[in-house]
Amino acid sequence: PWLREYLSDNGIDMALSVDAPEPATLAVVTLDHAGRASYTFYGPETSDWQWRESELPEPNLHALAAHGLGAVHTGSLAVALEPGGAVLARWLTRLRQDNDVLISFDPNMRSIEGNDEAAYRTRMEDVIVSSHVVKASNEDVEAMYPGSSPLSVAEKWLSAGPLLVVITQGPDGATVLHRNGFRTHMSPPSIKVADTIGAGDAFSAGLLAYFADQRLLHPDGLAGAGAAEVRAALAQAIAASAFTCTRPGGDPPDAQELTAFVLAHGHEA
C-alpha cells in the first residue's frame, strides 16, 4: 500500500495499475567508489513481470486517450522477463502499427546480465523497431554489441524505425540523433555525485516531459521537431539526470526543483 500512496501523493494516476497477489520485486543496489550503481533483482516470480493482455488497454489512440495518455514508455526487465515480456512486446508492436501514440524505450541490457541475453537482444531489437524514441547508455550498447561504437549502433537503430535515439555517456553527457539527420552532444553540469540510482529514468522523464510541454509528444510532432527543440529537450533531460545524482536514491526532481537547479547550474555545450 505504501508504494501506491507514494505514487498517488506525487500526482501519479493509478487507474491503469493492477492489483496483484505476488510480492513486488526487490532490488539490491551496490555502489562503487564513484557512486555508480549496480543492481541485483530478486524475482522474476513477482508482480512486476506477470502482465496479461487483458490487463492492458487496447493498443490504439482512442483507448489510451480515454485514460489521458499520449505516450508509452517501457524498457529493461519489463520486456525481458516472462511471461509479461512477450505480452508487452506484442502490445507495443500493435500500438506502433497505427503510429498515433509515441513509444519510448530504454533497452537496459545491464539489468538482465546472467539471464538469456541472446533472447532478450532479439526481443530488444523488435521493440526498437516499434519505438519512436530509444535511450540507451554506452554501457548498455557495449553489453548488447561488444566492441561496437555506441554511435554507430545508434545510427543503425535510427534507420530501423525510431525518430530519435539518445546515447547517454555518464559524466561525458549524452548525444542525440534525429531521423532528419542532425545530431548534437551536450555535457552535464558539474555536480557532487551522491549516487547514480534513477539517473537514467530521470533522463527519460526529463526528455519526454519537455516534448510534452512543447506539444511535441506525438510521432508527427517529434518527426517535425527542429534541432533547437531537440537540443532543449536534451538539456532538460541531462539536468534532470544530474539533479537525481546529487541526492541518495531514485529521487528525481519535480518541476520547481528542476527549474531552480538549471538556474543554479545551467548546462555546458
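At what angle do helix H9 and helix H10 pack, and how far apart are their axes? Hi everyone, let me start there. This is a predicted model, so please keep that in mind for everything I show you.

Helix H9 covers residues 227–245 and helix H10 covers residues 255–265, and the two pack at an angle of about 100°, with their axes 10 Å apart. An angle of 65 to 115 degrees counts as roughly perpendicular, and H9 and H10 are therefore roughly perpendicular to each other. On the H9 side, the contact uses Gln 236, Ala 239, Ala 240, Ala 242 and Phe 243, and on the H10 side Glu 257, Leu 258, Phe 261 and Val 262. Sorted by class, the residues of that contact of H9 with H10 come out as seven nonpolar, one polar and one charged.

Now let's stay with H9 and turn to another partner. Helix H7, residues 199–213, packs against H9 at an angle of about 145°, and here the axes are 7 Å apart. The crossing of H7 past H9 is right-handed. From H7, the contact takes in Ala 199, Ala 202, Phe 203, Gly 206, Leu 207, Ala 209, Tyr 210 and Phe 211. Facing them, H9 brings a list that includes Glu 229, Ala 232, Ala 233, Leu 234, Gln 236 and Ala 237, and also Ile 238, Ala 240, Ser 241, Thr 244 and Cys 245. The class count for the contact of H7 with H9 is 14 nonpolar, four polar and one charged. If you have the structure open, look at Gln 236 and Ala 240 of H9: both are in the contact with H10, and both also meet H7.

Next, some backbone geometry. As a reminder, most residues other than glycine have a negative phi, and most peptide bonds are trans. So which residues are joined by a cis peptide bond here? They are Glu 82 and Pro 83, with omega at about 5°. You will find Pro 83 in the loop between strand S3 (71–75) and helix H3 (84–98).

Then we have positive phi values. Asn 99 is not a glycine, yet its phi is near 55°. Asn 99 sits in the loop between H3 and strand S4 (102–106), and Asn 99 is partly exposed, at 31% relative accessible area. Arg 215 is another non-glycine residue with a positive phi, about 60° in this case. Is Arg 215 buried or exposed? Arg 215 is exposed, with a relative accessible area of 77%.

Let me finish with charged pairs. How many salt bridges does a search of the whole structure find? The search finds 10, and I have picked a few to walk through.

We begin with Arg 4, which lies in helix H1 (residues 2–9). Beyond its neighbours within four places in sequence, Arg 4 is in contact with Met 14, Ser 17, Val 18 and Asp 19. Arg 4 and Met 14 are 10 residues apart along the chain, and their C-alpha atoms are 7.8 Å apart. With Asp 19, Arg 4 makes a side-chain salt bridge of 2.8 Å, N to O. That pair links distant parts of the chain, 15 residues apart: Arg 4 in H1, and Asp 19 in the loop between H1 and strand S1 (26–31). Asp 19 is exposed at 67% relative accessible area, while Arg 4 is partly exposed at 30%.

Another salt bridge joins the side chains of Glu 53 and Arg 90, at 3.3 Å, N to O. Here Glu 53 comes from the loop between strand S2 (37–42) and helix H2 (61–65), and Arg 90 comes from helix H3, 37 residues apart. Arg 90 is partly exposed, with a relative accessible area of 44%.

The side chains of Glu 155 and Arg 183 also form a salt bridge, at 2.3 Å, N to O. Glu 155 is in helix H6 (residues 150–158) and Arg 183 is in strand S8 (residues 183–186), so this pair ties together parts 28 residues apart in sequence. Glu 155 counts as partly exposed, at 41% relative accessibility, and Arg 183 is partly exposed with a relative accessible area of 41%.

Glu 257 takes us back to the opening question, as a residue of H10 in the contact with H9. Thanks, everyone!

How values were computed:
Residues are numbered from 1 along each chain as its sequence is written. This is a predicted model: local features need pLDDT of at least 70, side-chain atom pairs count only at pLDDT 80 or more; totals for chains, interfaces and linings use all residues. Side-chain values use heavy atoms; hydrogens and water are left out. Axes are lines fitted to C-alpha atoms, for helices over the stretch in contact, and angles run from 0 to 180 degrees between N-to-C directions. Helices (H or I, at least four residues) and strands (E, at least two) are DSSP runs, numbered from the N terminus. Angles under 35 degrees count as roughly parallel, over 145 as roughly antiparallel, 65 to 115 as roughly perpendicular and the rest as oblique. Contact means heavy atoms within 4.5 Å. Ala, Val, Leu, Ile, Met, Phe, Trp, Tyr, Cys and Pro count as nonpolar, Asp, Glu, Lys and Arg as charged, and the others, Gly among them, as polar. A crossing is left-handed if the near helix is turned anticlockwise from the far one by less than a right angle, and right-handed if clockwise. Buried means under 20% relative accessible area, exposed over 50%, partly exposed in between (1.4 Å probe, protein chains only). A salt bridge is a side-chain nitrogen of Lys or Arg within 4 Å of a carboxyl oxygen of Asp or Glu.
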